[in-house]
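I opened my notebook beside the model today and went through it helix by helix. Here is what I looked up.

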Amino acid sequence: MNIAYWIVAGLLALFYCYAGTLKVTRGRDRLRPMMAWVDRVPLPAVRALGAVEVLGAIGLVLPPLTGVVPSLALAAAIGFVLLQAGAIAVHLTGREDRGIALNVGLVVTAAVAVGLAAGL
């Protein structure tokens, strides 16, 4: 189960670290081709979301790796499930059907991480 957690958490951490870094560092014009919803959300909120994603990615990996408060990994995984539930709602309200499939996949992956993190 430990190996499975590291595979799932590692993939999620890579994805969220990448996506979060883009949201924190890029402007609206450079984000729009990948994330059409950025025009409907204030830029400070996009930046804050990116910071949350990067911190969540760190939370999936660092606590279990160091053994310091490993329950934070469970909290990070639950946070990603909630984050993606919100993302699905944003895509549905904006009629962006192509983004929902990725969000559903991320919800499932984060839910698996929740189950695996609970067993750490």
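**Ground rules.** I am working from a predicted model, in which local features need pLDDT of at least 70 and side-chain atom pairs count only at pLDDT 80 or more, while totals for chains, interfaces and linings use all residues. Residues are numbered from 1 along each chain as its sequence is written, and side-chain values use heavy atoms, with hydrogens and water left out.

**Entry 1, helix H4.** I began with H4, which covers residues 71-93. Helices here are DSSP runs (H or I, at least four residues; strands are E, at least two), numbered from the N terminus. H4 has 23 residues and reaches 34 Å from first to last C-alpha, close to the expected 33 Å. That expected span is 1.5 Å times one less than the number of residues.

Next I asked which residues of H4 are buried. I found Ala 73, Ala 76, Ala 77, Phe 80, Leu 83, Gln 84, Ala 87, Ile 88 and His 91. For the record, buried means under 20% relative accessible area, exposed over 50%, and partly exposed in between (1.4 Å probe, protein chains only). A reminder to myself: an α-helix has 3.6 residues a turn, so residues three or four places apart point the same way. The buried residues of H4 pack against H1 (2-25), H3 (43-66) and H5 (97-118). After H4 comes Arg 95, with a positive phi near 55°.

Axes are lines fitted to C-alpha atoms, for helices over the stretch in contact, and angles run from 0 to 180 degrees between N-to-C directions. The contact (heavy atoms within 4.5 Å) includes Ala 77, Val 81 and Ile 88 of H4, and Ile 100, Val 107 and Val 114 of H5. I sorted the residues of this contact into 20 nonpolar, four polar and no charged. In that sorting, Ala, Val, Leu, Ile, Met, Phe, Trp, Tyr, Cys and Pro count as nonpolar, Asp, Glu, Lys and Arg as charged, and the others, Gly among them, as polar.

The axes of H3 and H4 come within 7 Å and cross at roughly 145°. On the H3 side, Leu 49, Val 52, Glu 53 and Leu 60 are among the contact residues, and on the H4 side I noted Phe 80 and Leu 83 among others. This contact divides into twelve nonpolar residues, two polar and one charged.

Is Glu 53 buried or exposed? At 3% relative accessibility, Glu 53 counts as buried. Leaving out residues up to four places away in sequence, Glu 53 touches Tyr 16, Ala 19, Gly 20, Lys 23, Phe 80 and Leu 83. I also checked Glu 53 against Phe 15: they are 38 residues apart along the chain, with C-alpha atoms separated by 9.2 Å.

H1 has 24 residues and reaches 33 Å, close to the 34 Å expected. Tyr 16, Ala 19, Gly 20 and Lys 23 are among the buried residues of H1. The buried residues of H1 pack against H2 (28-31), H3, H4 and H5.

I stopped at the loop between H3 and H4, where Val 69 is found. Phi of Val 69 is positive, near 50°, in a residue other than glycine. At 43% relative accessibility, Val 69 counts as partly exposed.
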